[in-house]
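Let's take a walk through this structure together, one neighbourhood at a time.

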Amino acid sequence: MVGDVHVLQSINNSSKDNSRKAKEKKKKKKKRGGSKKKMNVEQSLAFKSVSEWVFLDQSSSSLVSSAASCVVDDFGVQKCIGRGGEKVVFELHSHSKCSDGFLSPSKLVERAHGNGVKVLALTDHDTLSGIPEAVEVARRYGIKIIPGVEISTIFTPGGDAEAEEPVHILAYYSSCGPSRSEELEKFLANIRDGRFLRAKNMILKLNNLKLPLKWEHVSRIAGKGVAPGRLHVARAMVEAGYVETLKQAFSRYLFDGGPAYSTGSEPPAEEAIRLICDTGGVAVLAHPWALKNPVAVMKRLKEAGLHGMEVHRSDGKLAAYSDLADVHGLLKLGGSDYHGRGGRNESELGSVNLPVLALYDFLKVARPIWCNAIREILESYAKEPTDSNLETIMRFGRTRGFKGVSLLSCGKDLIDRCLPLWLTNEEMENAEFEAIKLKLSNISVSQGGVQVLIESK
């Protein structure tokens, strides 16, 4: 308990000092030229393992030599050089128009490519609807998509409703998406329905504050079928001239507990984490620095199955939250939380330098979970080989863009052509997958097969 109190007391000071220290480090690096050194053995092995997964559908002959060329700068930031000398950049937190981002999934992927991102997690609020489009476009650029979602929840400490606060949980899934996808979709749909009511309540409160914002205005900005969020309300306020900037809209009216703030039908954070775990996902606490009581949240959510928390930002690693992650045995991740709104206050896609050892730890936890989820999804199809079950598999798991086109003519093709793009040989070499392969070998895909892109030899 003493350790937790000490960590909590250090959070505010650490957060305030972080930006200043990051700027000082950048100045020092420029002044002395930022000398580089080779990665050590542990980092090189970690990089090789991470790269094998990133480039799963490509030849791994150059991975060893690529790992040897990796460097770290003076401040321990990993510069992971991939095939052809490019950096292997993971972006684990991004948003599109499917929630409150400004870019379509296609444009988001294009921007990620332009910034050198090799692995992109699209984590829209309470929806996975943008993932198929992102996967399709990502094939053109050789980008690997991690299907993700940022789930809106409520944390209530000690049953005290007065002290409850919003908590966002990031969920990362395999190339095939979540197992038991219907259960997850129903859960997310309920949250999205609540977001409509929440936005209307915010508008009502603003109207009572003599700001006659209209629902039609917010709905038009959100777009057809998109559950509106605070950012959509803020954008409408700016367009209507009630505030000058988005930041002003939040700081005056829409901040947590603010005069126009409202909650929706967010589930308890613990419930969301348990569902993420049950559907084959990795659960990570988003932006813990926004929480009132991160220690209490961390303890309870760890008990519910939380795997990790965001610690790394574009301005560096937050030491206090890194310490909290260590205390509770959590993965230390991070992402830009990119929305595409522009301006100096937003971090760019791919701007968070995740250490290669952090990526290795992430995949070491995630890959067995994802492997089990893929096996469960394939088993469901083997038991009930319907078109809808096949579409569930291929919705997120379409193969990446290569030269040739082929048809999946039978269930065995899922193993022979697709599975090697989702799992390593080691992950597939077990009795359970062999049994699934036998079951699938006699299944014919209906309606002439499903068209997929495969590599031409």
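When two helices pass each other, the crossing is called left-handed if the near helix is turned anticlockwise from the far one by less than a right angle, and right-handed if it is turned clockwise. Helices (H or I, at least four residues) and strands (E, at least two) are DSSP runs, numbered from the N terminus. What you see is a predicted model, where local features need pLDDT of at least 70 and side-chain atom pairs count only at pLDDT 80 or more, while totals for chains, interfaces and linings use all residues. Residues are numbered from 1 along each chain as its sequence is written, and side-chain values use heavy atoms, with hydrogens and water left out.

With that in hand, find helix α10 (residues 269-278) and helix α11 (residues 294-304). α10 passes α11 in a right-handed crossing. Their axes come within 9 Å and cross at roughly 35 degrees; axes here are lines fitted to C-alpha atoms, for helices over the stretch in contact, and angles run from 0 to 180 degrees between N-to-C directions. On the α10 side, A269, E270, I273 and R274 meet R300, L301 and A304 of α11, where contact means heavy atoms within 4.5 Å. Sorted by class, this contact has four nonpolar, no polar and three charged residues. For that count, Ala, Val, Leu, Ile, Met, Phe, Trp, Tyr, Cys and Pro are nonpolar, Asp, Glu, Lys and Arg are charged, and the others, Gly among them, are polar.

Next, move to α8 (residues 230-240). How much of this helix is buried? Eight of its 11 residues are, with buried meaning under 20% relative accessible area, exposed over 50%, and partly exposed in between (1.4 Å probe, protein chains only). The buried ones are R230, L231, H232, V233, A234, R235, A236 and M237. Their cover includes α6 (181-208), α7 (215-222) and α9 (246-254).

Take α6 as one of those neighbours. The axes of α6 and α8 come within 10 Å, crossing at roughly 35 degrees, and this crossing is right-handed. R198, M202 and L206 from α6 meet R230, V233 and M237 from α8. That contact divides into four nonpolar, no polar and two charged residues. From α7 comes H217, which is buried at 18% relative accessible area. Leaving aside residues up to four places away in sequence, H217 touches A236, E239 and A240. Just past the end of α8, G241 takes a positive phi of about 85 degrees.

R230 also has a charged partner. Its side chain meets that of D256 in a salt bridge (2.8 Å, N to O), the term for a side-chain nitrogen of Lys or Arg within 4 Å of a carboxyl oxygen of Asp or Glu. D256 sits in the loop between α9 and α10 while R230 is in α8, so the pair ties together parts that are 26 residues apart in sequence. D256 is partly exposed at 35% relative accessibility, whereas R230 is buried at 18%. By this rule there are 15 salt bridges. Another joins R139 to E136, with the closest N and O atoms 3.2 Å apart. Those two are three residues apart in helix α5, so about one helical turn separates them.

Now for some strands. In β8 (residues 282-285) both faces are covered: V282 and V284 are buried on one side, A283 and L285 on the other. Strands pair if DSSP finds at least two bridges between them. β7 and β8 run antiparallel and share four bridges, and L170 has V284 as its bridge partner. On to β9 (residues 308-313): two bridges join β8 to this strand, the two running parallel, and V284 partners G308 there.

Finally, stop at two loops. D126, between β5 (117-122) and α5 (131-141), has a positive phi near 60 degrees although not a glycine, and is buried at 0% relative accessible area. R180, in the loop between β7 (165-172) and α6, also has a positive phi, near 50 degrees, but counts as partly exposed at 39%.
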